Amino acid sequence: MSESWTMNGAIYGACNCDWGCPCNFDVAPTYGHCEGVYMFAVREGGYADVPLNGLHFAWAGHSPGPLHEGNVTAALIIDESATPQQREALATLWRSGSSGLPFDILNSVTATWLETVYAPFDVELAGINTKAKIDGGKIYELSMSRVKNPVTGDEEELYLDKPTGFTSKRSELGMSELAKFSCDGLSFDTSGKYAEYADFEYAGPG
């Protein structure tokens, strides 16, 4: 059992599915496989007596089929500014299997963990218009926006309310204008596909 912990902040990212992402509705990915990145920006948080305020980290994964089948190859990328104690706390949250949501579910579907990477994060939090780079864009570069109406070009404001969601309860749904990832043999470009942004509040059982 991990220590008690709390965390709130923003979760955002993009995947290879069409807009809306079938995973939100418990069905198979648009193209059969799944690949994408969840990024986390912690506003306030702590693991036992280790503060987590202001940390950034990301989970990137590729699944040959639906995520729930549990064959994901994933990498954890942590902001290089994290202290050794913070790095250890995040590793425990992701890999112990007894920390609580959402980490336990994402860990349970990961069959292969690549080596954890520590790199600088450059993030401009702006809701569904958030932009981010990991290692100056060498590992990941993301630029998101609202979906554009195909006839008028106007932005469409779309939300998903899901009380049973394990990463968030309410998300704004959009698209990626740019989403390119490459790290440790895991590489994909999901530009022009689905993206989302949400606020989160997590807590562990302790």
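These legends describe close-up views of the pockets and nonpolar cores in a predicted model.

**View 1. The largest pocket and its volume.** The largest pocket holds about 760 Å³. Its lining is made up of 36 residues. Cys23, Asn24, Tyr38, Leu67 and Phe166 lie nearest the centre.

**View 2. Elements around the largest pocket.** Two or more lining residues come from each of strand S1 (5-15), strand S2 (34-47), strand S4 (56-63), helix H2 (103-108), strand S14 (170-183) and strand S16 (194-203). S2 gives the largest share, five residues. By class, the lining has 18 nonpolar, 12 polar and six charged residues.

**View 3. The second largest pocket.** This pocket has a volume of about 150 Å³. Its lining includes Leu101, the run Gly165, Phe166, Thr167, Ser168, Lys169 and Arg170, and also Asp199, Phe200, Glu201 and Tyr202. S16 supplies the largest share, four residues. Four lining residues are nonpolar, three are polar and four are charged. Phe166 lines this pocket and is also among the residues nearest the centre of the largest pocket.

**View 4. The largest nonpolar core.** This core has 29 residues. Tyr12, Met39, Ile77, Ile134, Tyr140 and Phe181 have the most contacts inside it. Beyond its neighbours within four places in sequence, Met39 is in contact with Ala10, Ile11, Tyr12, Phe57, Ala58, Phe121, Ala132, Ile134, Tyr140 and Leu142.

**View 5. A second, separate core.** This core has 28 residues, including Tyr38, Val72, Leu93 and Phe103. Tyr38 belongs to this core and also lies among the residues nearest the centre of the largest pocket. In soluble globular proteins, nonpolar side chains tend to be buried together.

Key: Residues are numbered from 1 along each chain as its sequence is written. This is a predicted model: local features need pLDDT of at least 70, side-chain atom pairs count only at pLDDT 80 or more; totals for chains, interfaces and linings use all residues. Side-chain values use heavy atoms; hydrogens and water are left out. On a 1 Å grid over the protein atoms alone, a cavity is a set of points where a 1.4 Å probe fits but cannot get out, and a pocket is an open set with protein on both sides within 12 Å along at least five of seven lines; lining residues have an atom within 4 Å of a point. Grid points are joined across faces, edges and corners, and a volume is the space filled by probe spheres set on the points. Ala, Val, Leu, Ile, Met, Phe, Trp, Tyr, Cys and Pro count as nonpolar, Asp, Glu, Lys and Arg as charged, and the others, Gly among them, as polar. A nonpolar core is a set of buried Ala, Val, Leu, Ile, Met, Phe, Trp, Tyr and Cys residues joined through side-chain atoms within 4.5 Å. Buried means under 20% relative accessible area, exposed over 50%, partly exposed in between (1.4 Å probe, protein chains only). Contact means heavy atoms within 4.5 Å.
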